[in-house]
Structures are given as structure tokens and as C-alpha cells.
Amino acid sequence: MNKLIFVSGGVCSSLGKGVAASALGALLESRGFNVRMVKCDPYINVDAGTMSPYQHGEVYVTDDGAETDLDLGNYARFTSGPLSQANSITTGQVYNEVIRKEREGGYLGRCVQVIPHITDEIKARIMAVAKEDADTDITIVEIGGTVGDIESIPFLEAARQLIHEYGKSSAISVHLTLIPEVGDGELKTKPTQHSVKAMQEQGIQPDVLICRAPVILDEATRRKIALFTNMESTAVFTSYNVHTTIYEIPLMFHEQKLDQVVLKKLGVEARHAKIEPWKAVMERATSRKEKVRIGIVGKYMELHDAYKSVYESLFHAGLECAVDVELVKIDSSRLDEAESADHILGKDAPDGGIDGVLVPGGFGQRGIKGMVRAAAWARSNKIPYFGICLGMQIMVIDWARNVLGWEDADSTEFNQNTKKPVVSLLEEQVGVKNYGGTMRLGKYVSAAKPGTKFFAAYGQENVCERHRHRYEFSNQYREEIAGSGLIISGVYPKEDLVECVEWPDHPWGLAVQFHPEFKSKPTAASPLFRDFIAIARNAKG
């Protein structure tokens, strides 16, 4: 068995195509099939690594160090198939490879064209994932962008060719569109009709239609859509608004029998669906009684997707700890010049105090002063603190400045002339000009020190997590800082780099250089996020 499902989108962007593809993958896995996920991104960037969070949301990192689109994070949270660089295909990668082959004479003097050379490269990359593991049953390929975009045409053409080569019993098209609501709740199907027509103009007849709508479509509306799109009404589904969590979507689709219809079209016998884990997630989500307020003090607060995995990991931890985690988004720049951190973080704040502080990753100098003030406030007031990547560097800077009294302590990222560079570039990073894919990226093993909160969270010495950073805790000052009381609870043994620090005599002040949010799932929260929320809940009362 080696089946292909192409997921495309129409009418407009941000309809939830990645979540829909992930939810379908989760349902197929629940029926015992081995599923692999692929994202095709039409942008010309080689990867998402150099993009601004405001442009494209967070950068998700895989074990092998690939910097990818955030949709791979959705794949990881909903499904269990392995993800690597191969699962993220961009226009930049494709053209880069085709041009490289042309320069080396790989096309034997032929004129290199979009068809067949670009589309052949796209197809080869898709099939490399589909055939990488002999046990793979179904490969779901999400095509980024919206049908009608000029950038998406080569990917849709590659999909058309593969559907033709495989045949309709082995490769199908799932198309996600918008059903807008106008006036007094009237649903309009015309945009969906035009979207399917645009797909047909690309040579692809959708086999399954998922309509993004505020409410579930009635039978009459589904029949109307089917009539104008050359489809059966039983192949028209609704992705309607959910109010608790996106993890309800697999159950929503299962109730409408989306997975059964997809398998029938692929000529595969439907096995029994074991959806109990998703039901358990929803039961935990709807049974939470208590609430904790977590202040996320970061740089990119305007766009929710900039810290997508962090927010999802806090939600996962709340499920395990039976609490509703309220996200209090605080732009760190607000703390730069605030008269008192209490006015923003404490009980003096207009909306009340927070129960925990989380400082996530980021780059650049803006808002750093505010982050250091947030860390100092949490340390002084015994408020649970969790630092991730930049958040660990902030914790070290606060300790150096406010405990050791090194007023000039800083990172060389923010102050090249600091006399106390407690955070600095790795030696191999000095002089690097090409920033794409040159950081410490991907999976590394940290050694956790027994007796620490870090060790207690994971319950083992060797901890595998993913990194994405260029600056490190400076070993030049390690002995002095550790001697003053800051606990170094985790290191990367191979290069003796600090991976985790903790405050002494504090309920839970811990920061790590890696990104634990990339491995958290709704069915298995990250150990560090879980313990952070548990302490915040217990400290509250």
C-alpha cells in the first residue's frame, strides 16, 4: 500500500489547511495506518529560518535541524510519523537543486523548463518521503498557498501528474474552501464553486471537499455544492468553528465520516478507529476547574503564531494538570520603561497578577531590558519562572547583574563591548555571515544533574531536545556564576556547554537553552511545561 492524498486550499489563506491535514492524518493513524506528512511551501526562501516571525509565524525545528514552516508543528502534535528536512519542500529548495544540476550538466544540454524539470523535482521529493519507509501506507501532501496563486502552480501541476500516474484509486485530492456568512447568517457557496473551478482549470477534480464554515452545513447546502462541483454530497464535509481546542477537529471529522470516505476513495478497507485518546483529550479539556495565569514576556506578541508551539505546550500542560492556562501576552518593551514591574506583572496590574512567567526564544536587542526585569521580578517574588533559549540567557544576565553585581553583564548579541559577556557566540559562529541554517540546530543530548528540578522533570539523566540558537552561556564566567549559587543542572557533555540553569531557594526558577515546546503533544505534555504549570497551580493556592 502506498497511497497519496493531496490537500489544497482555496478562496483565501489561513483557513486551517494544515490543521485539517493533520486531523485527517490523526484519524487515519487511529485506524492503524502508517501516515507520513509533507508540506509544500511555494515561497522562494530555501527554508523558513531567516523569515521574520511577523511574516510567517514561528520556525519549527526537526531532529535533523531543519528550519521549517509551523505546519510541521501541527503534524507533530497530531500524528506520530517522523519529520525531517525531507518533509518540508519549498520552491527555493526545488529551484536550487534544478539549477545545481543544470550547472553540472545534469540535463545533457537540454533546455531546462518548469515542466518537466521543476515538476519532476517536486515529484521526486514527495515520493522520497512516501517510499522512505516500506511500512508507509498513506502520504498526505499539503500544498501551501491558495489555488490561483502563481507560486502554487508548479506544485498543483506535480500533484495533477501524480494523481494521473497513480490513478484515482491510489491518489486523491482533498480541497479546503471557505463558506462565508453574510447578512443574517446566510451561508454563501459561490466562492467554493469558483475555488473548485480553479482546481479544475489546473486539471484536478477534487475528490473530497472540506468547507470552512461557522456552523455545520445542512444536507441541502451540501447537495447544492456537490451539484456545482461535480462531486457526491457524501464527499462534502464541514470544518466548523470549535470553541475549546483544535484537538476537537479529529472527532469532528470522524463524526462526519471523513476518514471512511477518504479510505473508500483510496480503495482501502476501513479498519476500526481507536479514537479514545482524542476523546480523552477533550474530556480533560472540558473538565478543567482551576485557572492559572501565565505571563508570556516576549518580543513578537502581536502575532499568535509567532509562539505557536509554546502556546500549544502550555495548553498540553494544562490538560495534564487539570487547569485552564490563561495566556497573558506581555510585550517585553512595555517593561523597559515601566515605573515598576508590579504594575504589569503583579497584583497592581489592571487585570490582576500572574501565577508564572515564561520568557520564550527570540533574536535582537529590542525588549531585552524588559525581559531581564521580568526575570528579576519572578526571582525576587518567588514566582515560577520558565526560560526557553533566549529566556535562559536572560536568566543568566539577570543573575550576573542583580546578584553578582556585574552591572555591565550582557550578551555580545546585544552589546559587543560589554566587559562581562556572560552570553557569547560559540567559537565556530564568529565571522558567520550566511545566517540561514548556520545555528546550533536540531537534536542534542543534555546530561541532567541528579537532584535538580531538571532531572526530576524527565526522570532520567540523558535528555534529547531540539536547539535553535547561535549564542551560549559563556564558560569563561561559569565557575564564578555557579559559585555564587546559580545551579547548572544540565550540560551538553560533548562540548561542555550549559543547557539548563536553576535558581536556588526558589519554588521553580528554571531555564533551558533548547526548545522543549517542539516535542510536546496533547496526549503527552512536555515534562518541563507540565512541571512549570503544576508548580504555578500549587503556588497559587
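This is a guided tour of the structure above, arranged as a series of selections.

The model is predicted: local features need pLDDT of at least 70 and side-chain atom pairs count only at pLDDT 80 or more, while totals for chains, interfaces and linings use all residues. Residues are numbered from 1 along each chain as its sequence is written, and side-chain values use heavy atoms, with hydrogens and water left out.

**The nonpolar cores**

Begin by selecting Ile-5, Leu-28, Ile-140, Val-208, Phe-253, Leu-258 and Val-262, the residues with the most contacts inside the largest nonpolar core, which has 49 residues. A nonpolar core is a set of buried Ala, Val, Leu, Ile, Met, Phe, Trp, Tyr and Cys residues joined through side-chain atoms within 4.5 Å. Buried means under 20% relative accessible area, exposed over 50%, and partly exposed in between (1.4 Å probe, protein chains only). Helix α1 (residues 17-30) supplies the largest share of this core, eight residues. Helices (H or I, at least four residues) and strands (E, at least two) are DSSP runs, numbered from the N terminus.

Next, centre on Leu-28. Leaving aside neighbours within four places in sequence, Leu-28 is in contact (heavy atoms within 4.5 Å) with Ile-5, Phe-33, Val-35, Ile-138, Ile-140, Asp-259 and Leu-263. A second, separate core of 45 residues can then be selected through Ile-394, Ile-481, Ile-488 and Val-491, which are among its members.

Select residues 138-143, strand β6. Six of the six residues of this strand are buried, so β6 is largely enclosed by the rest of the structure. Ile-138, Ile-140 and Glu-142 point one way from the strand, and Thr-139, Val-141 and Ile-143 point the other way.

Move to helix α3 (residues 71-78). Eight of its eight residues are buried, so the helix is largely enclosed by the rest of the structure. The buried residues include Asp-71, Asn-74 and Arg-77 as well as Leu-72 and Phe-78.

Then select Thr-68, in strand β4 (residues 67-68). Thr-68 counts as buried at 0% relative accessibility. Apart from neighbours within four places in sequence, Thr-68 is in contact with Ala-48, Glu-58, Val-59, Tyr-60, Thr-62 and Ser-88.

**Aromatic pairs**

Rings of Phe, Tyr and Trp (its six-membered ring) pair if their centres lie within 6.5 Å; planes under 30 degrees apart count as stacked, over 60 as edge-to-face and the rest as tilted. By this rule the count comes to 16 aromatic pairs. Display Tyr-60 and Phe-518: their ring centres are 5.0 Å apart and their planes at 70°, so the pair is edge-to-face. Tyr-60 is in strand β3 (residues 60-61) and Phe-518 in the loop between β23 (509-512) and α19 (527-540), 458 residues apart. Tyr-60 is buried at 1% relative accessibility, and Phe-518 is buried with a relative accessible area of 5%.

Tyr-385 and Trp-503 form a tilted pair, 5.1 Å centre to centre with 40° between the planes. Tyr-385 lies in strand β15 (residues 385-388) and Trp-503 in the loop between β22 (497-502) and β23, so the pair ties together parts that are 118 residues apart in sequence. Finally, select Phe-78, Tyr-247, Trp-278 and Phe-315, which ring pairs link into a cluster.

**Charges over rings**

A charge sits over a ring if NZ of Lys or CZ of Arg is within 6 Å of the ring centre and within 35 degrees of the ring normal. The charged end of Arg-271 sits over the ring of Phe-33, 4.1 Å from its centre. The charged end of Lys-420 sits over the ring of Trp-406, 4.3 Å from its centre.

**Two last selections**

Gln-200 lies in helix α7 (residues 190-201) and is partly exposed, with a relative accessible area of 30%. Not counting residues up to four places away in sequence, Gln-200 touches Gln-205, Thr-229 and Asn-230.

Ser-170 is in the loop between α6 (153-166) and β7 (171-178), and is buried with a relative accessible area of 15%. Beyond neighbours within four places in sequence, Ser-170 is in contact with Asn-2, Lys-3, Leu-4 and Leu-266.
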